[in-house]
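Please read the following briefing alongside the sequence and the coordinates.

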Amino acid sequence: MTDLSRLEQVASELIETFEITGPPIPIEIMLQRPKPDMWQEVDITELSVGFLRAGGHFSPRMSLARLLARHIIQSDWGEKRGLRELFKDDKDESLLRAFGRMLIMPETMVKALSEGARTPITMSIHFEVPEDDANQRLKELNL
């Protein structure tokens, strides 16, 4: 199993654990109300504006998705799924960014969209993400 397919599996498990059935994924709520063996509650009101990179209407949600990914990786829940080991050597953060996209645009939800809705513009609106990230996610899923 590749690293990306393993991360897809973990992202799907997390979405099921939080009982999320459709987009947009409530990243903020997930950070603030973790399940047992997960991370400590995150007070997103304490995050700096610099952290929530400006760059478009939905860019802050992608920053929060990466923050969620980091919390998952460092949590006991993530450790039990081998995430610390998987991320120990990743210095350029490309794997972390991919994991963030998996969390905010889960594979099953993207594939559930009609073929006509699988465009960066439509996915941007549907998942509340920047078009560039939606486009990258479509490429990752070969759609």
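From the N terminus on, the elements of the protein run α-α-α-α-α-α-α-α-α, which amounts to 9 helices and 0 strands, where helices (H or I, at least four residues) and strands (E, at least two) are DSSP runs numbered from the N terminus. This is a predicted model, in which local features need pLDDT of at least 70 and side-chain atom pairs count only at pLDDT 80 or more, while totals for chains, interfaces and linings use all residues. Residues are numbered from 1 along each chain as its sequence is written, and side-chain values use heavy atoms, with hydrogens and water left out.

**Overall fold**

- Of the 143 residues in the protein, 42% are buried, where buried means under 20% relative accessible area, exposed means over 50%, and partly exposed lies in between (1.4 Å probe, protein chains only).
- Among the contacts in the protein with a separation of 6 or more, 60% come from residues 24 or more positions apart, a contact being heavy atoms within 4.5 Å.

**Packing of H3 and H6**

- The axes of helix H3 (residues 59-74) and helix H6 (residues 94-104) come within 8 Å and cross at roughly 105 degrees; axes are lines fitted to C-alpha atoms, for helices over the stretch in contact, and angles run from 0 to 180 degrees between N-to-C directions.
- On the H3 side the contributing residues include Arg61, Met62, Ala65, Leu68 and Ile72, and on the H6 side they include Leu96, Phe99, Gly100, Leu103 and Ile104.
- By class, the contact of H3 with H6 has 10 nonpolar, 1 polar and 5 charged residues, where Ala, Val, Leu, Ile, Met, Phe, Trp, Tyr, Cys and Pro count as nonpolar, Asp, Glu, Lys and Arg as charged, and the others, Gly among them, as polar.

**Nonpolar core**

- The largest nonpolar core has 44 residues, and those with the most contacts inside it are Leu14, Ile72 and Phe99; such a core is a set of buried Ala, Val, Leu, Ile, Met, Phe, Trp, Tyr and Cys residues joined through side-chain atoms within 4.5 Å.
- Elements that give two or more residues to this core include helix H1 (3-17), helix H2 (27-32), helix H8 (120-127) and helix H9 (131-140), while H3 gives the most, with 8 residues.
- Leaving aside its neighbours within four places in sequence, Leu14 is in contact with Met30, Met38, Trp39, Ile72, Trp77 and Leu103.

**Arg61**

- Arg61 lies in helix H3 and is buried, with a relative accessible area of 9%.
- A polar atom of the Arg61 side chain lies 3.1 Å from the backbone oxygen of Ile25.
- Beyond its neighbours within four places in sequence, Arg61 is in contact with Pro24, Ile25, Ile27, Glu28, Ile104, Phe127 and Glu128.

**Backbone features in loops**

- Pro23 and Pro24 are joined by a cis peptide bond, with omega about -5 degrees, and Pro24 lies in the loop between H1 and H2.
- Glu19, in the loop between H1 and H2, has a positive phi of about 55 degrees although it is not a glycine, and Glu19 is exposed, with a relative accessible area of 66%.
- Asp37, in the loop between H2 and H3, is a residue other than glycine with a positive phi near 70 degrees, and Asp37 is partly exposed, with a relative accessible area of 42%.

Methods:
Polar contact = N/O pair within 3.5 Å; in protein donor to acceptor, adjacent residues only side chain to side chain.
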